[in-house]
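Hi everyone, thanks for making time today. Please have the sequence and the model open while I talk, and stop me whenever you like.

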Amino acid sequence: MDFVILSIAMLGIGIYGLLTKRHLLKVFISIELIATAATLNFVMLAASMTNYVRETLLILAFSTETAITAVVLAMMVIVSKKYGTNDVSKIIQHIKEDEEESEVN
Amino acid sequence: MILEIVGLGLLISACLAIFLDEAVYSVSALAGTFIMTAILYALSGAVFVAIFQVAMGIGTIAILFLSGEMLSERSLKKTSPVMIAGVAGLGAVLSLPAIFFSISSPNNFYSNVSFGDSLWNLRAFDTVLQGFVILTVAMGILIILYQRKKKNRIRSGGQ
């Protein structure tokens, strides 16, 4: 089984979800899928390397994925609390209104 | 053949995670994606990476559940000092075996096998199974709380 093709397919699903879905949770899930695809690629690439490089690569990949999850979730909670909605288009609308108000003031 | 089936399941659960409308089903499908990825790693001979993947999946699902709770609007209950003291006492009691019976030394419970050897060589599969059990419990709690929230929403809508 070609794992590169599998990870590219997962990357495609994640990018599609990131571009088309408007709910914050779906955006988060899409980012998770993209990160999982990247990690899958890293893991399968690490199989052909020497022992220390392999372990370093894996620790780097997993820590990066965890950091992405933490940062995206924190931003999601902050934005949702601030604007009171989970819809990305409404949040963008709120941001534009805030910018217009600040320009007027 | 098994790898192809697991890969197919991985892509199907990834698609379901994106396309399902209900949030709890999407999160369930995401958990399925993590499990499939872990199985894929384990079948490829990387059990250590599979354990990491399951642990990360549990963390992600738990954080998703916590963020869902934070996003919902409800009043926070104050924890009583007695409760805090009780939990602290329970933690102290649970830490006693680790203090008095050092599991890192090989001569206490296992005669010839050290803790690291027993964890990585003998109990890797067991650890993966325990991870799946914890993941299932987290998903169950998530679904129960989601249903409770749904009931409360219907009640508040009816009034």
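Let's begin with Ile18(B), a residue of helix 1 of chain B. Keep in mind that we are looking at a predicted model. Is Ile18(B) buried or exposed? Ile18(B) has 20 other C-beta atoms within 10 Å, and because 20 or more is the cut-off, Ile18(B) is buried. Setting aside residues up to four places away in sequence, Ile18(B) touches Ile13(A), Gly17(A), Lys21(A), Lys26(A), Ile29(A) and Ser30(A). There is also a spacing within chain B to look at: Ile18(B) and Ala29(B) are eleven residues apart in sequence, and their C-alpha atoms are 8.6 Å apart in space.

Now for the two chains together. The contact between them takes 25 residues from chain A and 23 residues from chain B. On the chain A side, helix 1, helix 2 and helix 3 each supply at least two of the residues that touch chain B. Sorted by class, that side of chain A has 15 nonpolar, six polar and four charged residues.

Let's turn to chain B as a whole. Chain B has six helices and zero strands, and along the sequence the pattern reads α-α-α-α-α-α. Of its 159 residues, 24% count as buried. If you take the contacts in chain B with a separation of 6 or more, 60% of them join residues 24 or more positions apart.

On to helix packing, starting with chain B. How do helix 1 and helix 2 of chain B cross? Their axes come within 8 Å and cross at roughly 160°. That angle is over 145 degrees, so helix 1 of chain B is roughly antiparallel to helix 2 of chain B. The crossing of these two helices is left-handed. Helix 1 of chain B brings residues including Leu3(B), Val6(B) and Leu10(B) to the contact, while helix 2 of chain B brings, among them, Ala29(B), Met36(B) and Leu40(B). By class, this contact has 13 nonpolar, seven polar and no charged residues.

Chain A has a helix pair to go with that. Helix 1 and helix 2 of chain A pack at about 165°, with their axes 8 Å apart. That makes helix 1 of chain A roughly antiparallel to helix 2 of chain A, and helix 1 passes helix 2 in a left-handed crossing. Residues of this contact include Ile13(A) and Gly17(A) from helix 1 of chain A, and Lys26(A), Ile29(A) and Ser30(A) from helix 2 of chain A. Those five are also residues that Ile18(B) touches. The contact between the chain A helices divides into 16 nonpolar, six polar and one charged.

Next, the nonpolar core. The largest one has 44 residues, and those with the most contacts inside it are Leu33(A), Ala38(B), Tyr41(B) and Ala50(B). Helix 1, helix 2 and helix 3 of chain A each give two or more residues to this core, and so do helix 1, helix 2, helix 3 and helix 6 of chain B. Which helix gives the most? Helix 2 of chain B does, with eleven residues. As for Ala38(B), leaving aside neighbours within four places in sequence, Ala38(B) is in contact with Ala50(B), Gln53(B) and Val54(B).

My last stop is Ala46(B), in the loop between helix 2 and helix 3 of chain B. Ala46(B) counts as buried, with 20 C-beta neighbours inside 10 Å. Apart from neighbours within four places in sequence, Ala46(B) is in contact with Val43(A) and Tyr41(B). Thanks, and I'm happy to take questions.

Key: Residues numbered from 1 in each chain as written. Chains lettered and ligands numbered in written order. Predicted model: local features only at pLDDT ≥ 70, side-chain atom pairs only at ≥ 80, totals over all residues. Helix = DSSP H or I, 4+ residues; strand = E, 2+ residues; numbered from the N terminus. Buried ≥ 20, exposed ≤ 12 C-beta atoms within 10 Å, placed from the backbone. Contact = placed C-beta atoms within 7 Å. Core = buried A, V, L, I, M, F, W, Y, C linked by C-beta atoms within 7 Å. Axes fitted to C-alpha atoms, helices over the stretch in contact; angles between N-to-C directions. Parallel < 35°, antiparallel > 145°, perpendicular 65-115°, else oblique. Left-handed = near helix turned anticlockwise from the far one by under 90°. Nonpolar A, V, L, I, M, F, W, Y, C, P; charged D, E, K, R; others polar.
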